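My notes follow in the order in which I checked things.

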Amino acid sequence: MSDVAIQGHDTSRRLDAIDRKILMVLQEDASLSVAEIGDRVGLSSTPCWKRIQRLEADGVILRRVALVDQNKIGLGITVFVSVESSDHSESWLRKFAEAVSAMPEVMEFYRMAGDVDYMLRVVVADMPSYDVFYKRLISAVPLKNVTSRFAMEKIKSVTALPVPAA
């Protein structure tokens with residue numbers, strides 16, 4: 001396989017087929033030992049560990065985390081919140097981004113193209129908890145419109161990115 005440049009800020013480092021295999025294995029189970037990862041990708045422990053360290057240093061691997069079942073910890077409601085603003089100034093965005101980023105209920109926060117300016121994925125325990133969140137959100141900065149869509153069922157949810165082939 002040929003090398004393909006990493007998309008993003010640093011294109012000096014290239015991902016080869018083994019790097020891609022390592023990423024796929026780690027996304028599936030980051031708790032595996034370096035020896036086990038190496039076995040799965042065809043490397044001994046030391047070169048595998050060096051590649052993992054390099055992928056971390058290059059910012060390809062951002063961090064390793066445990067995935068938690070939100071329902072089993074009492075966060076049974078997922079809400080997709082779309083936000084429209086009539087103010088698109090840099091100072092407004094900075095204040096809005098800081099306020100929303102500080103809200104622990106917000107799992108994802110995107111600036112959008114199209115008819116909605118921002119999209120948030122929010123998890124809360126129940127409707128009263130969402131109401132508290134909503135009031136905090138609308139009091140943070142002036143907003144034109146906020147629309148909440150409540151998820152009834154999670155049909156697919158993955159964390160592993162589809163690592164493209166070279």
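Predicted model: local features only at pLDDT ≥ 70, side-chain atom pairs only at ≥ 80, totals over all residues.

I noted an open sheet of 4 strands in the order β4-β5-β3-β6, with antiparallel pairing. The edge strands are β4 and β6 (145-150), each of which pairs on one side only.

I then went through individual strand pairs. Strand β4 (residues 106-111) and strand β5 (residues 118-124) run antiparallel and are joined by 5 bridges. I see R111 standing opposite Y118 in β5. The two strands β4 and β5 form a hairpin with 6 residues between them. In the turn I checked G114, which has a positive phi of about 110°. For strand β3 (residues 77-84) and β6 I recorded 6 bridges in the antiparallel sense. Here E84 stands opposite N145 in β6.

How many aromatic pairs are there? I got a count of 8 aromatic pairs, with ring centres within 6.5 Å as the rule. One of them is F96 with F109, at 5.6 Å centre to centre and 85° between the planes. I list this pair as edge-to-face, because planes over 60 degrees apart count as such. The pair links distant parts of the chain, as F96 is in helix α4 (residues 90-101) and F109 is in strand β4, 13 residues apart.

Helix α1 (residues 17-28) packs against helix α3 (residues 45-57) at an angle of about 80°, and their axes are 11 Å apart. On the α1 side the contact is made by I18, D19, I22, L23 and L26. On the α3 side I listed C48, R51, I52, R54 and L55. I sorted the residues of this contact into 7 nonpolar, no polar and 3 charged.

For α1 and helix α2 (residues 34-41), I have the axes coming within 9 Å and crossing at roughly 125°. The two helices α1 and α2 are therefore oblique to each other. I noted that α1 passes α2 in a right-handed crossing. Which residues meet there? I found I18, K21, I22, V25 and L26 in α1 meeting I37, R40 and V41 in α2. I divided the residues of this contact into 6 nonpolar, no polar and 2 charged.

Methods. Residues numbered from 1 in each chain as written. Heavy atoms only, no water. Axes fitted to C-alpha atoms, helices over the stretch in contact; angles between N-to-C directions. Contact = heavy atoms within 4.5 Å. Nonpolar A, V, L, I, M, F, W, Y, C, P; charged D, E, K, R; others polar. Parallel < 35°, antiparallel > 145°, perpendicular 65-115°, else oblique. Left-handed = near helix turned anticlockwise from the far one by under 90°. Pairing = 2+ DSSP bridges. Phe/Tyr/Trp six-rings, centres within 6.5 Å; stacked < 30°, edge-to-face > 60°.
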